[in-house]
Amino acid sequence: MSADRDRVLAAANVSRETAQRLDLYVAQLARWQTIKNLVGPATLAEVWTRHVADALQLLDLMPEARRWLDLGSGAGIPGLILAIAGPPGIRVDLVESNARKCAFLTEAARVTGAPATVHNARIEAVIGDHHGVDVVCARALAPLDQLLAWTEPLLKTGTTGLFPKGREAVAELTDAAARWTVGHDLIPSRTESAARIVRVTALAPKSP
């Protein structure tokens, strides 16, 4: 894991302070994993590549963004990692309906000093409270069509969507196109050759 960590941090070119805060996050994740099952157990040994680097790549796609909204935050991937490693002035809202996962997010944000706010709520209940965010993101949460339905109030008013997907990205876009006109581009993931990040820059529902 040490070599994995060093490789990820070197590629991300983060400060020593940020590296220390990411270390604190990984330590908290490992400690809570034993009782909360926050991530797939098989991925914990590769946490730096599978989770940390996977999240950090989003920062380079929207370097000017300061207000982020992460849906279905779970273990804080990508939202809490973005808050830890993001530029000065970044603020990240983490939405998670599972109270036990919110307990982890709250403690991890406290320990790392991350500028993150945890919302223990369902997406539908709070999405309307976040107009004006620069970016909305979600990882391993739902098919793209459902993500677009949740985030339409934001995406149609100028917010950018960043949705990491696996090899199913193109198929999900095809399914979503039956209901939506989507302005988007597909960006290759740095951490998995077959994966793509769907960046949504415009969205409008199609007429029935």
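Visitor: At roughly what angle do the axes of helix 2 and helix 5 cross, and within what distance do they come?

Guide: The model shown here is predicted. In general, two packed helices are described by the angle between their axes and the distance between the axes. For helix 2, residues 16-36, and helix 5, the axes cross at roughly 155° and come within 9 Å. An angle over 145° counts as roughly antiparallel, and helix 2 and helix 5 are therefore roughly antiparallel to each other. Their crossing is right-handed. On the side of helix 2, the contact is made by Arg21, Leu24, Tyr25, Gln28, Leu29, Trp32 and Lys36. Helix 5 contributes Arg100, Ala103, Phe104, Glu107, Val111 and Thr112. Sorted by class, the residues of this contact are seven nonpolar, two polar and four charged.

Helix 2 also packs against helix 3, at an angle of about 120° and with the axes 12 Å apart. Helix 2 and helix 3 are therefore oblique to each other. Here too helix 2 makes a right-handed crossing as it passes helix 3. Leu22, Asp23, Val26 and Leu29 of helix 2 form this contact with Val47, Trp48 and Val52 of helix 3. The class division is six nonpolar residues, no polar ones and one charged.

Helix 3 in turn has helix 1, residues 2-12, as a partner, the two axes coming within 9 Å and crossing at roughly 15°. Helix 1 and helix 3 are therefore roughly parallel to each other. The crossing in which helix 1 passes helix 3 is right-handed. From helix 1, the residues Asp4, Arg5, Val8, Leu9 and Ala12 meet Val47, Trp48, Thr49, Val52, Ala53 and Leu56 of helix 3. By class, this contact holds eight nonpolar, one polar and two charged residues.

In the loop between helix 1 and helix 2 lies Asn13. Its phi is near 55°, a positive value in a residue other than glycine. In general, most residues other than glycine have a negative phi, and most peptide bonds are trans. A cis peptide bond, with omega near 10°, leads from Ile77 to Pro78. Pro78 belongs to the loop between strand 1 and helix 4, residues 79-85.

The helices may now be placed against the sheet. The sheet is open and has seven strands in the order 3-2-1-4-5-7-6, with mixed pairing. Strand 3, residues 116-120, and strand 6, residues 180-188, stand at the edges with a single partner strand each, so one side of each is left without a neighbour in the sheet. From one strand to the next, the twist averages 20°. Within this sheet, strand 4, residues 135-137, runs parallel to strand 5, residues 160-165, and three bridges join them. Cys137 has Leu162 in strand 5 as its bridge partner.

Helix 3, residues 47-61, lies across strand 1, strand 4, strand 5, strand 6 and strand 7, and runs at about 55° to strand 7. Helix 5, residues 99-112, packs on the sheet as well, where it touches strand 2 and strand 3. The direction of helix 5 makes about 165° with that of strand 3. Helix 2 therefore has, in helix 5, a roughly antiparallel partner, and that partner packs on the sheet.

As for the setting of this part, the chain has eight helices and seven strands. Its C-alpha atoms fill a box of roughly 50 × 35 × 30 Å along the principal axes. A compact globule of 208 residues would have a radius of gyration near 17 Å, and the 16 Å of this chain agrees with that value.

Technical notes. Residues are numbered from 1 along each chain as its sequence is written. This is a predicted model: local features need pLDDT of at least 70, side-chain atom pairs count only at pLDDT 80 or more; totals for chains, interfaces and linings use all residues. Side-chain values use heavy atoms; hydrogens and water are left out. Two strands pair if DSSP finds at least two bridges between them. Helices (H or I, at least four residues) and strands (E, at least two) are DSSP runs, numbered from the N terminus. Axes are lines fitted to C-alpha atoms, for helices over the stretch in contact, and angles run from 0 to 180 degrees between N-to-C directions. Contact means heavy atoms within 4.5 Å. Angles under 35 degrees count as roughly parallel, over 145 as roughly antiparallel, 65 to 115 as roughly perpendicular and the rest as oblique. A crossing is left-handed if the near helix is turned anticlockwise from the far one by less than a right angle, and right-handed if clockwise. Ala, Val, Leu, Ile, Met, Phe, Trp, Tyr, Cys and Pro count as nonpolar, Asp, Glu, Lys and Arg as charged, and the others, Gly among them, as polar. The radius of gyration is taken over C-alpha atoms; the globule rule is 2.2 Å times the number of residues to the power 0.38.
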